[in-house]
Amino acid sequence: MLELKNVKKVFNKGTVNEKVALSGVDLVLNDGDFVTVIGGNGAGKSTVLNAIAGVWPVDSGTITLHDTDITALPEYKRAQYIGRVFQDPMMGTAATMQIDENLAIAARRGKARGLKPGITAEEHKKFYDMVKALDLGLEDRMTTKVGLLSGGQRQAITLLMASLRKPDLLLLDEHTAALDPKTAKKVLDLSDKIISENNLTALMVTHNMKDAIAHGNRLIMMSEGRVIYDVSGEEKKNLKVSDLLQKFEEAAGEDAVSDRMVLS
Amino acid sequence: MLALLNALPGSVAQGLIWGIMAIGVYITYRVLDFADLSVDGSFCTGGAVAVMLMLGGWNVVPALIVAFLTGLLAGYITGLLHTYLKIPGILAGILTQLGLYSINLAIMGKANQAISVDKYNLAVSLRYINKTIIVSIIIVVVIIALLYAFFGTEIGSAIRATGANQNMARAQGINTGRCIRMGVALSNGIVAFAGGLYAQYQGNADVNAGRGAIVIGLAAVIIGEVIFGTKHSFATKLATSVVGAIIYYIIIAIVLQLGLPSSYLKLLSACLVAIFLGLPAIKNGIGTVKPDKED
Ligand SMILES: Nc1ncnc2c1ncn2[C@@H]1O[C@H](COP(=O)(O)OP(=O)(O)OP(=O)(O)O)[C@@H](O)[C@H]1O
Ligand SMILES: [Mg+2]
């Protein structure tokens with residue numbers, strides 16, 4: 001359903017800060033794939049997700065979604081197909097708007113916005129039920145400004161927003177990394193639930209190898225702007241952290257020692 | 001003291017007209033988080049357009065509507081400069097403001113065009129302060145009601161989301177560039193409308209009418225926030241900006257009564273705004289607040 005063909009991206013081209021972030025990424029996702037993405041710092045994980053979301057244009061290569069070439073489509077237009085949750089809990093919600101207002105914005109993703117009410121009476125009811133299902137007690141604070149919520153609560157709301165209108169593709173970029181372990185687990189479980197209930201296709205970046213093995217049906221490893229390892233099915237289920245570390249060392253060579261700590 | 005009391009109605013009338021201008025500033029400064037300096041130009045444009053049309057025989061209402069539309073256009077150009085050409089917001093506003101100076105002169109044909117309240121049917125005038133206050137209050141109420149309705153719509157919400165968090169807005173399918181253009185246009189439309197009223201109030205359109213307008217608008221917004229706080233509904237916050245403008249003009253009247261030469265007014269305005277903008281930092285102890293990083 002999603003295909004990346006030889007996607008390249010160089011930041012700050014022609015300057016001293018030139019950085020090859022993607023050096024030719026090839027990746028094909030099938031419908032219903034839930035892929036975990038691992039790799040050391042600077043491997044290009046976030047950059048791949050940003051390339052798919054259209055945060056900036058890629059330098060070369062093509063990105064196809066459901067047989068439509070979306071390479072040239074601006075970010076806001078791709079949003080009709082793509083739901084996203086970011087590492088930074090601040091990034092996915094509008095802090096100065098209420099919980100229900102944020103959800104109402106998300107409920108119109110991919111639809112033309114006109115002079116109709118920004119939020120309707122039925123939506124109030126619907127959002128209440130959805131937020132209640134999160135089981136965080138937020139349903140009684142629907143008119144609270146999102147900026148007053150904790151990071152975990154904000155990520156939960158962002159997850160809900162990303163999936164409110166069923167996306168073709170869900171992109172999760174270390175969306176639990178900024179949370180304490182308990183909250184992180186809660187948000188991760190919620191992600192699992194949302195993905196399986198809606199049968200979503202998803203890419204989830206994580207620094208936690210155990211999580212990468214435990215979640216999803218497929219795992220890819222990135223290094224130096226490339227996908228260097230891609231496993232799925234039984235083989236992935238039987239993976240151990242030590243296997244991944246070994247793979248990683250093979251690919252990354254001497255740099256592996258420092259990155260190893262990050263990965264484990 | 002008596003002189004001050006006599007000056008009070010005039011301050012309220014001026015404050016109300018500038019309060020309408022402040023509502024426009026609120027939309028860019030607070031809703032969009034965009035410091036737009038085009039208003040110095042578009043305030044004057046509104047006055048020039050309204051006065052020239054009325055001198056040409058137009059009725060006051062259509063003249064003010066056209067003033068509003070020219071303001072929209074001016075703001076839209078600032079939005080274009082910023083969103084298409086990626087010119088930083090402040091600079092985009094300055095460019096529009098500078099360009100408008102020539103356009104305002106061209107509209108008026110000279111630096112100042114008088115319009116006499118005796119010969120023309122003006123909406124407001126400093127000769128009729130009570131009427132001015134009543135008319136302005138009605139206009140303020142109507143504008144706040146319309147804006148309240150607009151920012152409750154899907155487009156209005158999208159503009160608010162754009163101002164709050166562009167990343168989130170784009171991830172939710174909002175064309176943030178378009179929202180910025182619409183917001184800045186709307187803001188300048190309102191500012192030009194206020195400029196059209198102000199020219200009538202003064203009895204002339206002047207090419208320097210808008211000089212420092214942004215500072216007065218900001219002062220109004222900030223005085224309103226400092227005095228009444230920010231934990232209010234959207235409509236109330238617009239209203240506190242208007243009250244802020246009135247308070248600003250009362251302060252000016254007091255200072256003038258105390259004997260400050262009027263040539264020092266702009267310096268006074270600048271100091272007032274600096275103090276009110278700096279209040280949070282002052283409260284926290286000067287120097288402990290790190291300067292905001294550029295975005
Ligand atoms: N907007 C940008 N401008 C300049 N360089 C960038 C930008 N985004 C990413 N890079 C660089 O591209 C490389 C890949 O970054 P990326 O964020 O994709 O890494 P990552 O795999 O997500 O790492 P991490 O685990 O630290 O999040 C890094 O060297 C990074 O510094
Ligand atoms: Mg990253």
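Buried area is the accessible area, taken with a 1.4 Å probe, that two parts lose on being put together, summed over both. In this predicted model, chain B and chain A bury about 2000 Å² between them. Carbon and sulfur atoms account for 56% of that area. This briefing covers the interface, then a sheet in chain A.

**Who touches whom**
- Chain A gives 28 residues to the contact, and chain B gives 19 residues.
- On the chain B side, the most area is lost to chain A by Glu154(B), Met168(B) and Gln172(B).
- Together these three make up 35% of what the chain B side buries.

- Three salt bridges are counted between chain B and chain A.
- In a salt bridge between Arg108(A) and Glu154(B), the closest N and O atoms are 2.9 Å apart.

**The chain B side**
- Two or more residues each come from α6 (154-164) and α7 (166-171) of chain B.
- α6(B) supplies the largest share, seven residues.
- By type, this side holds eight nonpolar, eight polar and three charged residues.

**A sheet in chain A**
- Four strands form an open sheet in the order β2-β1-β4-β5 (chain A), with antiparallel pairing.
- β2 (19-29) and β5 (68-69) of chain A stand at the edges. Each has a single partner strand, so one side of each is left without a neighbour in the sheet.
- Strand β1 (residues 2-11) of chain A runs antiparallel to β2(A), and eight bridges join them.
- Glu3(A) stands opposite Val28(A) in β2(A).

Methods
Residues numbered from 1 in each chain as written. Chains lettered and ligands numbered in written order. Predicted model: local features only at pLDDT ≥ 70, side-chain atom pairs only at ≥ 80, totals over all residues. Heavy atoms only, no water. Pairing = 2+ DSSP bridges. Contact = heavy atoms within 4.5 Å. Salt bridge = Lys/Arg side-chain N within 4 Å of Asp/Glu carboxyl O. Nonpolar A, V, L, I, M, F, W, Y, C, P; charged D, E, K, R; others polar.
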